[in-house]
Amino acid sequence: MLRRISSGRQQVTAMAGLATLHDRDFYAWTLQQADLLKQRRLAEVDIDSIVEELECMGASERRELINRLAVLMAYLLRWRFQPELRGNSWRNTIDVQRFDIKELLEDNPSLAAGLNERMEKAYRKSVMLAVRETGLSKMAFPVACPFSADQLLSEEFWPEW
């Protein structure tokens, strides 16, 4: 899983030449911290860094949902606005994104609580993707997301409006 957002603390530590194992070798640090936790040697655990990493992991799941929604919406927009170019590749991409989004929400049910807000962010991104892929003007697409969450995730929904 990709992560690693440098915190101010990490940057200051590295600049001072006192780089911690977390900063020098993340993989070794994860193994060390897991071992310390298994042994219940809590006084030696790098709690601040573990908290930071856990927060990054949660944010990564949220970003993955937004990105998958954006790709799905962009393809649904393309489906609607370029019907002459529809093909199995587009259908497959839509099906795979729906499957992966459902799986992500099953694995992380709390992400569903803010789904409408995430859909709004994803829609803005999807319009940028659709403009690039279709060559159409941004003005050709609806200002607000024209899809409901149920429509996005429904295998039967194919926009024809």
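Is F99 buried or exposed in this model? F99 is exposed, with a relative accessible area of 53%, where exposed means over 50%, buried under 20% and partly exposed in between (1.4 Å probe, protein chains only). The model is predicted, so local features need pLDDT of at least 70 and side-chain atom pairs count only at pLDDT 80 or more, while totals for chains, interfaces and linings use all residues. Residues are numbered from 1 along each chain as its sequence is written, and side-chain values use heavy atoms, with hydrogens and water left out.

**Overall architecture**

- The protein contains seven helices and zero strands; helices (H or I, at least four residues) and strands (E, at least two) are DSSP runs, numbered from the N terminus.
- Read from the N terminus on, the order of the elements is α-α-α-α-α-α-α.
- Of the 161 residues of the protein, 35% count as buried.
- Among contacts with a separation of 6 or more, 64% join residues 24 or more positions apart; a contact means heavy atoms within 4.5 Å.
- The accessible surface comes to about 10,100 Å², and carbon and sulfur atoms hold 55% of this surface; such areas come from the Shrake-Rupley method with a 1.4 Å probe, and for residues only the protein chains shown count as cover.

**Salt bridges**

- Side chains of opposite charge can pair when their charged atoms come close.
- A search of the whole structure finds seven salt bridges, each being a side-chain nitrogen of Lys or Arg within 4 Å of a carboxyl oxygen of Asp or Glu.
- One of these joins E64 to R68, with the closest N and O atoms 3.1 Å apart.
- Both E64 and R68 belong to helix α4, where they stand four residues apart, about one turn of the helix.
- E64 is partly exposed because its relative accessible area is 29%, and R68 is also partly exposed, at 22%.
- Another salt bridge brings together the side chains of R78 and E133 (4.0 Å, N to O).
- R78 lies in helix α4 and E133 in helix α6, so this pair ties together parts that are 55 residues apart in sequence.
- R78 counts as buried, at 8% relative accessibility, whereas E133 counts as partly exposed, at 41%.
- The side chain of E133 also meets that of R132 in a salt bridge (3.7 Å, N to O), and R132 counts as exposed, at 60% relative accessibility.

**Positive charge on the surface**

- R62, R63, K121 and R124 gather in a surface patch of positive charge.
- The elements that give two or more residues to this patch are α4 (47–81) and α6 (115–134).
- Patches are made of residues with over 30% relative accessible area and no salt bridge, with like charges joined within 9 Å and nonpolar side chains (Val, Leu, Ile, Met, Phe, Trp, Tyr) within 5 Å.
- Lys and Arg count as positive and Asp and Glu as negative, while His and the chain ends are not counted; the place of a charge is taken as NZ of Lys, CZ of Arg, CG of Asp or CD of Glu.
- R62 is found in helix α4 and counts as partly exposed because its relative accessibility is 35%.

**Helix α5: R98 and F99**

- R98 is placed in helix α5 (residues 88–107), and F99 is in helix α5 as well.
- R98 is buried yet has no salt bridge; D95, the nearest side chain of opposite charge, is 4.6 Å away.
- Not counting residues up to four places away in sequence, R98 touches L72, L76, Q151, L152, L153, S154, E155, F157 and W158.
- The C-alpha atoms of F99 and S154 are separated by 9.8 Å, although these residues are 55 residues apart along the chain.

**Residues in loops**

- R40 is located in the loop between α3 (26–38) and α4, and R40 counts as exposed, at 66% relative accessibility.
- Most residues other than glycine have a negative phi, and most peptide bonds are trans.
- R40 has a positive phi of about 60° although it is not a glycine.
- Q82 lies in the loop between α4 and α5 and counts as buried because its relative accessibility is 9%.
- Leaving aside neighbours within four places in sequence, Q82 is in contact with W90 and T134.
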